Amino acid sequence: MTALAKLRGFREFGPDEMALRNHVFSRWRAVACGYGFSEYDGPPLEPLALYAEKSGDEIAGQLYEFVDRGDRRVALRPEMTPTLARMLGSRGRAMAKPIRWFSIPQLFRYERNQRGRLREHFQLNADIVGEAAVAADAEVLAVAVDAVRALGLGPADFTARVNDRRLVVAVLGALGVPSAAVGGCLEALDKAERTGPAASRQRLEALGLSSAQAEDLLGLAAAGAGSLDDLKRRFADAPEVLATAAPLEEHACLLEAMGLGAYAEFDFTVVRGLAYYTGIVFELFDRAGELRAICGGGRYDGLLGRLGGDPLPAVGFGMGDVVLGELLRERGLAPDGPPSFDFFVIWLEEAQRPLALEACRRLRKAGGSAVCALRPRSMRKHLAMAARSGARRAVVIGPDEAAAGAATVRDLETGEQERVALESLLPGGVARSPAGLANAGTGPESAHGEGDR
Ligand code: HAM
């Protein structure tokens with residue numbers, strides 16, 4: 001690798017990749033706005049202390065951190081939640097609750113490079129702050145599911161696995177696990193799928209669990225997708241387990257009522273790696289189980305207070321663009337390429353150049369996208385260039401057209417062409433233009449290739 005090569009795990013977005021990124025972001029934004037969320041942003045560089053304890057060891061070990069020129073210990077943001085918690089902890093008191101905010105930050109984590117995991121990614125974050133009711137948990141999961149559905153994926157492609165940390169803690173209590181080992185057990189469960197049963201058992205025993213307790217816990221983890229009812233039957237004589245199952249049952253009912261029952265299932269192994277979660281947690285995965293999580297989130301009622309702000313309850317998620325992008329490409333749901341544009345305007349002699357420039361100005365003003373030839377060429381070369389440019393139509397203003405106050409509009413796909421009055425290339429031209437221009441896709445939507453899927 002030369003000194004100037006792109007850093008490992010970072011991305012360059014040429015027009016093709018940018019088309020996919022814009023497509024994903026625009027659908028994310030539309031869904032979040034559709035649920036009444038408002039967009040916000042924060043600084044990409046933050047004090048190191050914001051993450052050092054609040055996010056948990058895993059993220060703390062992946063920070064891009066350094067000492068700045070003012071001797072401050074800083075870090076590139078690895079996640080958005082601490083920034084959001086600080087922002088709303090200080091200004092949330094005066095705001096009407098619940099607060100629904102979303103953001104699409106670029107995040108940085110020094111991760112080991114692997115499929116679906118890079119050192120820089122974007123995340124849709126949507127959070128509801130100031131509402132402790134389970135309805136808020138169900139609503140953020142609905143936003144997450146819809147943000148994926150809006151990209152063309154359905155229940156055969158992905159699923160949300162849902163659990164509640166309080167339920168896991170209650171189960172650990174019912175199994176007689178000492179409370180000092182609870183945090184370690186949550187971490188072990190979070191990693192169980194990746195590390196495998198033998199390493200997980202070792203880890204649990206090192207935390208002080210008896211081999212029977214470790215066996216019991218791993219048995220539950222292996223049955224991961226077994227139903228909540230199975231778990232309730234198994235712990236029928238443990239009231240705290242039954243009590244902590246209730247919010248999950250309400251959550252499932254609400255999702256059902258929202259028509260999203262097919263997208264969510266209970267999974268005892270989902271506990272989330274981040275330290276601040278306190279209640280219902282969830283992750284979205286591809287159904288085939290080949291990829292890392294598309295999305296993760298949950299309730300974190302203590303974080304705003306711990307950061308020194310108002311102790312408001314909060315729930316939300318982060319959805320990455322990397323795994324989702326892989327899934328969309330795999331399913332043929334990525335946009336075909338960079339957006340094309342409407343008109344390539346050709347002039348043949350210097351005398352027609354001002355007319356061509358004026359025509360471009362008018363076409364753009366009418367909401368279309370237009371490129372003007374930059375130098376004189378033969379008609380043949382101009383047309384070849386227009387065809388390669390990605391334009392839908394060529395507008396030719398040669399000496400004949402100029403003399404007649406007209407332009408020749410040629411459909412670059414079919415080769416059909418017609419002569420139209422130059423005057424018809426007017427602002428608001430859709431209504432006033434001839435048939436040839438009327439369907440030219442002059443709105444910004446079609447100009448950017450949106451709405452095809
Ligand atoms: P997270 O589970 O660390 O949660 O990340 C959420 C999602 O971001 C993951 O499911 C994954 O799709 C994506 N992601 C994370 N790391 C990488 C990476 N290195 N490369 C590519 N994609 C990645 C959070 O960040 C929480 N702050 C989410 C949240 C918001 N919880 C409540 N509100």
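## Strands that pair up

Strand S3 (residues 65–67) pairs with strand S4 in the antiparallel sense, over three bridges. Strands here are DSSP runs of type E with at least two residues, helices are H or I runs of at least four, and both are numbered from the N terminus. Two strands pair if DSSP finds at least two bridges between them. Across this pairing, Glu-65 stands opposite Ala-75 in S4. The S3 and S4 hairpin has five residues between its strands, and there Asp-71 takes a positive phi near 65 degrees.

S4 (residues 73–76) also pairs with strand S2 (residues 45–47), again antiparallel and over three bridges. In that pairing, Pro-47 stands opposite Val-74.

## What kind of model this is

This is a predicted model, where local features need pLDDT of at least 70 and side-chain atom pairs count only at pLDDT 80 or more, while totals for chains, interfaces and linings use all residues. Residues are numbered from 1 along each chain as its sequence is written, and side-chain values use heavy atoms, with hydrogens and water left out.

Let's zoom in on Leu-84, which sits in helix H4 (residues 81–91). Is Leu-84 buried or exposed? Leu-84 is buried, with a relative accessible area of 1%. (Buried means under 20% relative accessible area, exposed over 50%, and partly exposed in between, using a 1.4 Å probe and protein chains only.) Leaving aside neighbours within four places in sequence, Leu-84 is in contact (heavy atoms within 4.5 Å) with Tyr-40, Trp-101, Asp-127, Val-129 and Tyr-300.

Helix H13 (residues 321–330) is mostly covered too, with eight of its ten residues buried. Among them are Asp-321, Val-323 and Leu-327. Their cover includes helix H1 (15–34), strand S7 (120–129), helix H5 (134–149), strand S10 (280–286) and strand S12 (314–320). Just after H13, Gly-332 takes a positive phi of about 70 degrees.

## Around the ligand

Now for the ligand: 26 residues surround it, and the closest are Glu-79, Thr-81, Glu-111, Leu-118 and Tyr-277. (A residue counts as near if one of its heavy atoms lies within 4 Å.) One nitrogen atom of the ligand is 2.7 Å from an N or O atom in the side chain of Glu-111. An oxygen atom of the ligand is 2.8 Å from an N or O atom in the side chain of Arg-272.

Taken alone, the ligand exposes 660 Å², and the protein buries 96% of that. These areas come from the Shrake-Rupley method with a 1.4 Å probe.

Definitions and conventions
Polar contact = N/O pair within 3.5 Å; in protein donor to acceptor, adjacent residues only side chain to side chain.
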